[in-house]
Every structure is written in C-alpha cells, then in structure tokens.
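Subject: Structure handover and notes

Dear colleague,

I am passing the structure below to you, together with my notes on it.

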Amino acid sequence: QLLGNQDHIKVELEKLKKAHNEQQQKLEERVLALGKELQEAKGAVGARRPGLAEHSAVLLTSQGQLREVEAENSRLQLQLKELNEEYRARLAQCLRDLANYMDSKPSSVTGHSKAPAGHAAMKNFVDSMLRDIQASYKCREEQLARAARGYRKRMKDLAKKHENLLIAYGLQREQILSLGSSAMDCGPAELHLSITDPELLTNSSRELNRLREQKAKLEMQLQELQQVGREPGHAGKGAGHDPCELLCRRQLDEEGWAEVRRKLREFTLNTQEDLERQRSQLLTRAVVAEEQVLELQGYIDQHLAR
C-alpha cells in the first residue's frame, strides 16, 4: 500500500515544498521591508538629532535670558516702589506747604461772599485728603502683602510636592538599577530634576542636592568602570586573574553600592520626616504670628492713631 501511494506522497511533498518556499519568500520580503523601514527611521532620527541639539541650546539660552529678565524686572519693580514712595512723600509735603500758604494769605474777597475768618480751612481739607489717600494706599499694600504671602505659600507647597516626587522617583530609579538590566533606561539622575531656586531651597534641600551630586558622580564612575570591564582588551588582561578574586571584588562592589543606596534612602526618609515636623511647627507659629499682627494692627488703628 505504501509503494502504491508513493506518487501521491511525492505530490503532497512537492505542494508542501512549494508552500514553504512561498512563505519563506514572503518572510524574506517582509524582513527586507522592515530593515528598510528601520534604516529610514534611523536616518530620520539622525537627521533630527542636530535639530534637537540646536533646540536644546536655544532653550537653555532662553532660560538664561528669562532668569536675567526676571532679575532685572525685580530690580526695576523695587526701584519703582522706592520712586513711588519718594513721589508720595514729596507730593504730600507740597500739598501741606500749599495749604499753609493759602491759609496764611489774607483773603482778597470783599462783600457778602467773603470767606469766613477760619484760617485752617485749606489745611484741614488737605489733611483729610491725605488721610484718605494714605488709607487707600495702606489697603492696597495689605492686599498685595496677602497675595505675596499666598504666592510664597503656594510656591513652598509646590516645592514640597516636587521634593516628594523626586524622592519617589529616586527610589524607583534605585529599584530599576538594582535589577541590573542594561537594556532598561532608568531616566536621568535626580540632580538634573532638583530645584535650583535659592529662595525655595532650605538647608535640608541643599544637603540633599549635595548628596545627589555625589551620587551622580559615583554612578558615572560606576558606568565607566562597567564599560572598561566589558572591553575585550581589559577582558584579556583580566583573564590571568583569579576568577574567585574577581567574583569577590564584584560582590564587594555590589554590597558597597547597596549600603550606599540604603544609607541614602534612610537619610532621605529621616530628612523628609524632619522637614514635615519643622513645616507643621512653622505653620503653627505663622498662624499665631499672623493673628497677633492683626490684633496689634487693629489696636494701633483704633487707639494709638487717635
């Protein structure tokens, strides 16, 4: 029966070979097309890299110019405030001098429309006008002071949230680095994402930034050592060493890095707890101080001014 079905088996084999060849040809064409698309994508990426570098340089320049303009704007605002205060003082003095001159000048009006005998009418009017102006200026200054306090509070809250996110990012990055996978991108170091504004930095934040800078330097050194260890020339040189010695050295390096990460994590958590406690204490003191200031200001407005 097998010998009788030999022709049928050959036909089936030919069909299978033909189908296999067709599938193989389709796969090769698909691989070639994918390779071409990959090359085009690499070319597009390579063409866009100079543009991205140029945009990054422009962005850094613009950020520097923005900081300079903000500093210049702050200086001009302070100068404008000083000029306004000087102008207000001079204007008030001029009005007082004018009132004194008008009150001291004898009246030239005759007849029934002659002014009353009081010589302080103009002075009283100018004093009342100046009191109204001072009250309006004081109200506006209080509004601006409240707005500035609210702005500072929001900025501090945002800085605190940013610090918490940066700590969580650092912990996640440490977990990714502890996996030891070189193909996984763990993102930039925490130092590149930290806050650099001196008004928002506390002593603890400065210490954390200093530790992050040291950690970034150590990570760069570790990457350089790993690259040197992967080079063939160094591998050939190290072939004469004892494998046990190399293994022990590597274990010691890994244990040292684990200890450094553990200490950094403990320091971060302890610093965060201290900052939370200090923040709650400072908020309580600030609320009490604001209430005392409002009470004193009300007492001054009601009693001492009278």
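Predicted model: local features only at pLDDT ≥ 70, side-chain atom pairs only at ≥ 80, totals over all residues.

Residues are numbered from 1 along each chain as its sequence is written, and side-chain values use heavy atoms, with hydrogens and water left out.

The protein chain has 5 helices and 0 strands, where helices (H or I, at least four residues) and strands (E, at least two) are DSSP runs numbered from the N terminus. Of its 306 residues, 11% count as buried; buried means under 20% relative accessible area, exposed over 50%, and partly exposed in between, with a 1.4 Å probe and protein chains only. Among the contacts with a separation of 6 or more, 64% are between residues 24 or more positions apart, a contact being heavy atoms within 4.5 Å.

The accessible surface of the protein chain comes to about 25,500 Å², and carbon and sulfur atoms account for 58% of that area (Shrake-Rupley method with a 1.4 Å probe; for residues, only the protein chains shown count as cover). On this surface, Leu98, Tyr101, Met102, Met122, Phe125, Met129, Ile133 and Tyr137 make a nonpolar patch of about 730 Å². Two or more residues of the patch come from each of α1 (6-104) and α2 (121-179), with α2 giving the largest share, 5 residues. Patches are made of residues with over 30% relative accessible area and no salt bridge, like charges being joined within 9 Å and nonpolar side chains (Val, Leu, Ile, Met, Phe, Trp, Tyr) within 5 Å.

The structure holds 1 cavity of 30 Å³ or more, and the volume of the largest cavity is about 220 Å³. A cavity is a set of points, on a 1 Å grid over the protein atoms alone, where a 1.4 Å probe fits but cannot get out, and lining residues have an atom within 4 Å of a point; grid points are joined across faces, edges and corners, and a volume is the space filled by probe spheres set on the points. The lining has 15 residues, of which Glu190, Lys215, Leu264, Arg265 and Thr268 lie nearest the centre, and α2, α3 (203-230) and α5 (243-304) each supply at least two residues of the lining.

Ala189, in the loop between α2 and α3, counts as buried because its relative accessibility is 10%. Not counting residues up to four places away in sequence, Ala189 touches Arg173, Ala216 and Glu219. Glu163 in helix α2 is likewise buried at 10% relative accessibility, and with the same exclusion of residues up to four places away it touches Leu208 and Arg212.

The count of salt bridges comes to 6, each being a side-chain nitrogen of Lys or Arg within 4 Å of a carboxyl oxygen of Asp or Glu. One of them joins Arg149 to Glu290, with the closest N and O atoms 3.9 Å apart; this pair links distant parts of the chain, Arg149 in helix α2 and Glu290 in helix α5, 141 residues apart. Lys153 and Asp157 form another, at 3.4 Å from N to O, and Lys153, Asp157 and Arg279 are linked in a network of salt bridges.

Best regards

Note on methods: 1 Å grid on protein atoms, 1.4 Å probe; cavity = no way out; pocket = protein on both sides within 12 Å on 5 of 7 lines; lining within 4 Å.
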